[in-house]
Amino acid sequence: MFWLVDIFPAIVLQMFSHLFNPLFWLVLLLIAFQYRRMLKIRQSFFGVKNGNWLPDLVQATGYGLVGGFIGSLLMVFVGLTLSGSGLNYIWPVALLLLLIDARFLCFAYAGGIVAFSSLVFGWPQVSVPQVLALVAILHMVESVLIYFSGHLGAVPAYIKIGPDQVVGGYVLQRFWPIPVVALLIVGQTTAVHAGVAMPDWWPLIKPELEVADPDTLLYALFPVMAGLGYGDLVTARRPQEKAHISAKYLFIYSVVLLLLAVLAGKYFAVAVIAALFSPLGHEALIHVGQRMELQDKPIYVPPSHGVKVLDVIPKTAAWRIGLRSGDVIIGINDMPLFNKAALDYLLRYTAGFVEVSYISGQQQSYRRELVKLTDSEFFGVIPVPDPHEKCHMDITTEGPVIRWLKKRFKW
């Protein structure tokens, strides 16, 4: 464990150097625009201007720093080097795939394509184990971030799950700036690994360089800026539960891919399997996750009595009396409710003190709360859609090329 004690301060120092890297602030700016866009979508859905995107950005940056440190340790642990990771090929491929579908802006697809092309066609000349290890480690970090923060800032939405069925749900969308530190081969020396006594098993993935003795390679730590994003939809579970499930599946995918990457350096057949598993395994995760939500029984649907709450705006009257997602409002001033139209009518023409009767979804308890409303105050509740609801959110991620082809050939 002495090598960890030696490497910890160096990683921390290099991570702080990102503060002076213009690319770090550029990625932060792009992520800020994404959170600002999400806030506008949420405000449009509620019909009010409420909230601030800055806390989401600060929170995401904090999680990103932790994730970057974890990713840096993993990269050093497996011996991942920038020299063979093929980043200069992966990024252009990822941007080209973005033109087809937004979800393809992911190293799982671009990295798999680059690795497979290198194995089959001999171009580009990259270290396939290093490429796939990079994909695995970044997704492993992403799984940790999803588990702890993937549900935060969930955007309520009306989602179409069948030809004629619209249900309530949430769109999960998170972005994190990831400052990581990776190894860079800077030459050869007789001092093993830049003077740090590394374990005998290190590295798990050997750099593919033509040198007499790989143990004489001189490594340096180099800061690299990255960004991670997570998108999902929820109709049959609570956002936190879905984020935990997605994180577990993604972590398993990452571990399997990392193991295949380690073996890819020894067996050509395993290298081919690993290159195919990178995009196909990731695509399977997306389809399984969507199928879980679209085929399982939705929970954000109208109850037999009352009006079910999809979401509540913080600091509004509804929030102050304890209403939360999943609660069922059964009466206003002792007048029973049967649909959201009745709720809108009663709240619109009721001012002063209002007594709200509801059943708590989490505690399964009956509650009656008194709240004072003004004529201009928004109650703060968004109910689940009615069975005949026609309005819903378009959740397609098709890129401009697919949209053009559909328009051109009328698909």
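Guide: Of the contacts in the protein chain with a separation of 6 or more, 75% are between residues 24 or more positions apart. Contact here means heavy atoms within 4.5 Å. The model is predicted, so local features need pLDDT of at least 70 and side-chain atom pairs count only at pLDDT 80 or more, while totals for chains, interfaces and linings use all residues. Residues are numbered from 1 along each chain as its sequence is written, and side-chain values use heavy atoms, with hydrogens and water left out.

Now the overall count. The protein chain has 11 helices and 9 strands. These are DSSP runs, numbered from the N terminus: helices are H or I with at least four residues, strands are E with at least two. The chain has 411 residues, and 48% of them count as buried. Buried means under 20% relative accessible area, exposed means over 50%, and partly exposed lies in between, with a 1.4 Å probe and protein chains only.

The largest nonpolar core holds 74 residues, and Met75 and Trp176 have the most contacts inside it. Helix H6, residues 128-149, gives the most to this core, with 13 residues. A nonpolar core is a set of buried Ala, Val, Leu, Ile, Met, Phe, Trp, Tyr and Cys residues joined through side-chain atoms within 4.5 Å. In soluble globular proteins, nonpolar side chains tend to be buried together.

Look at Met75. Leaving out residues up to four places away in sequence, Met75 touches Leu80, Leu134, Ile137, Leu138, Val180, Val181 and Ala182. There is also a second, separate core of 20 residues, with Ala318, Ile321, Leu323 and Leu337 among them.

Now follow the helices into H6. Start with H4 (residues 87-98) and H5 (residues 107-121): they pack at an angle of about 120°, with their axes 8 Å apart. That angle makes H4 oblique to H5. The axes are lines fitted to C-alpha atoms, for helices over the stretch in contact, and angles run from 0 to 180 degrees between N-to-C directions. Under 35 degrees counts as roughly parallel, over 145 as roughly antiparallel, 65 to 115 as roughly perpendicular, and the rest as oblique.

H4 crosses H5 in a right-handed way. A crossing is right-handed if the near helix is turned clockwise from the far one by less than a right angle, and left-handed if anticlockwise. On the H4 side, the contact residues are Leu87, Tyr89, Ile90, Trp91, Val93, Ala94 and Leu97; on the H5 side they are Phe107, Tyr109, Ala110, Gly111, Ile113 and Val114. By class, the residues of this contact of H4 with H5 are 12 nonpolar, 1 polar and no charged. Ala, Val, Leu, Ile, Met, Phe, Trp, Tyr, Cys and Pro count as nonpolar, Asp, Glu, Lys and Arg as charged, and the others, Gly among them, as polar.

Move on to H5 and H6. Their angle is about 170°, and their axes are 9 Å apart. H5 is therefore roughly antiparallel to H6. From H5 come Phe107, Ala108, Gly111, Ala115, Ser118 and Leu119; they meet Val128, Val131, Leu132, Leu134, Val135, Leu138 and His139 in H6. This contact of H5 with H6 has 10 nonpolar, 3 polar and no charged residues.

Check the link between these two helices. Pro124 sits in the loop between H5 and H6. The peptide bond from Trp123 to Pro124 is cis, with omega near -5°. Most residues other than glycine have a negative phi, and most peptide bonds are trans.

H6 also packs against H7, residues 239-264, at an angle of about 160° with the axes 8 Å apart. So H6 and H7 are roughly antiparallel to each other. Their crossing is left-handed. The contact of H6 with H7 divides into 18 nonpolar, 5 polar and 2 charged residues.

Last, a buried strand residue. Leu373 lies in strand E8, residues 366-373. Leu373 counts as buried because its relative accessibility is 5%. Leu373 touches Ala317, Leu347, Ala351, Gly352, Val354 and Phe379, residues up to four places away in sequence not counted. Leu373 and Val354 are 19 residues apart along the chain, and their C-alpha atoms are separated by 7.0 Å.
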